[in-house]
Amino acid sequence: MVEAVSLRLLLIIEYEVTAKGIFIMKDMQKILGFADSDIDEALKKRELLSLEIEFSSRCNLKCCYCYAENTLFRDNELILEEMYDVISQAKALGARKIIYLGAGEPFLDKKLDPVIRYVHKLGLEHIVFTNGTLINAEVARFLYEHKVVVVVKHTSDDEQTFDKLSGGKGTFKSMKRGLKFLQEAGYPDENHHLGIESIISVYNIHEIPTMWRWARKNNIIPYIECVTRKGGGASENELAPSKEATRILFEELSRIDREEFSFVWDPFPPIAGFACKRHLYSCIVTSQGFVQPCVGVDIHVGNIRQEKLATILKNSPVLDDLSHIHDTIKGPCKTCDHTGECYGCRGNAHNLTGDYLASDPTCWRITEKEI
């Protein structure tokens, strides 16, 4: 029996016997993030633990909540050799994981295949976030062979709701087909992790507990997060649920895990069951080579075409502020009971207040008077 640990996420969860036998499924804090001891060591050495790298700005969907702006669709994207180079620089700085993102869909970019091969050859872990609609049997086998952690967009179990949120008819069926190919290729097992990503909105919030249970029972990581108030997430009227509705959902997901799966975590935004600490050990390189703290905090602190990654990381006051966020954060977030594990969403703080060090206005623990 797993004992509750105050303010800490438990790091191991044991699942039932599967068709492939009994295995221990590490929780998503280890799969998608890092242990606190690793983070502390990286901070002391001023090293990276992961690098997020953005592929093409092009996308085959038009998700209403997407953080990407229309202005992202431009030329002058990184060429393959530049991607190889910055990944090698990241490894030299201590990076263990490379995370493939996109202001668009990574699988639309022909560079993804060779980059995956390159990262696998370097012996680094890698994760791809995808809408799943372009995954076929061949792609699924390729990802499995190269041990890529795959996180597929799964915003609803209802076809009409999914298609509405993704902005395209037939996308639900395409996503489900992609998931099926991944499962047929062998996902998930002890060494090949599979996740689903869902943005919490007023359209799907009532479904999230059912989706969460389904994911847990099928050894799939549920990556459930709040809307990033940027791009479509900022312009779409009344897309995000109220603070109170979000609180109730997070507490219900925490209860489900505790009572049904013996998995204990304390609820706080922006991601259920996961402490987002990427600013302590990571950064993102956009498809045009700009370095910024994360997709939500779109402050360009340098460009890898002009400076080495190490120089950018060393000389950026913004990245330095965020790597010491527990000291530099302002307002009620600084004294919150969860400050050791959580510092709110820096993207939402930046986009809603203009200050990336401000308290997160979307957190239910912060009153309107405190913002």
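This note goes through the aromatic contacts of a predicted model.

1. A search of the whole structure gives 9 aromatic pairs. One of these is formed by Y144 and Y187, an edge-to-face pair with 5.5 Å from centre to centre and 85° between the planes. The two residues come from distant parts of the chain, 43 residues apart, since Y144 belongs to helix α5 (residues 137-145) whereas Y187 sits in the loop between α7 (171-185) and β7 (194-199). Y187 counts as buried, because its relative accessibility is 3%, and buried means under 20%.

2. For F250 and W364, the ring centres are 5.3 Å apart and the planes stand at 65°, so this pair, too, is edge-to-face; the assignment rests on the angle, for which the cut-off is over 60 degrees. This pair likewise links distant parts of the chain, with F250 in helix α10 (residues 243-261) and W364 in the segment after α14 (346-353), 114 residues apart.

3. Two lysines deserve a separate entry, as each is placed over the face of an aromatic ring. K97 lies over the face of F34, at 4.4 Å from the ring centre, while K176 lies over the face of W214, at 5.7 Å from the ring centre. For a reader checking the second contact, the distance cut-off for a charge over a ring is within 6 Å of the ring centre.

Methods: Residues are numbered from 1 along each chain as its sequence is written. This is a predicted model: local features need pLDDT of at least 70, side-chain atom pairs count only at pLDDT 80 or more; totals for chains, interfaces and linings use all residues. Side-chain values use heavy atoms; hydrogens and water are left out. Rings of Phe, Tyr and Trp (its six-membered ring) pair if their centres lie within 6.5 Å; planes under 30 degrees apart count as stacked, over 60 as edge-to-face and the rest as tilted. Helices (H or I, at least four residues) and strands (E, at least two) are DSSP runs, numbered from the N terminus. Buried means under 20% relative accessible area, exposed over 50%, partly exposed in between (1.4 Å probe, protein chains only). A charge sits over a ring if NZ of Lys or CZ of Arg is within 6 Å of the ring centre and within 35 degrees of the ring normal.
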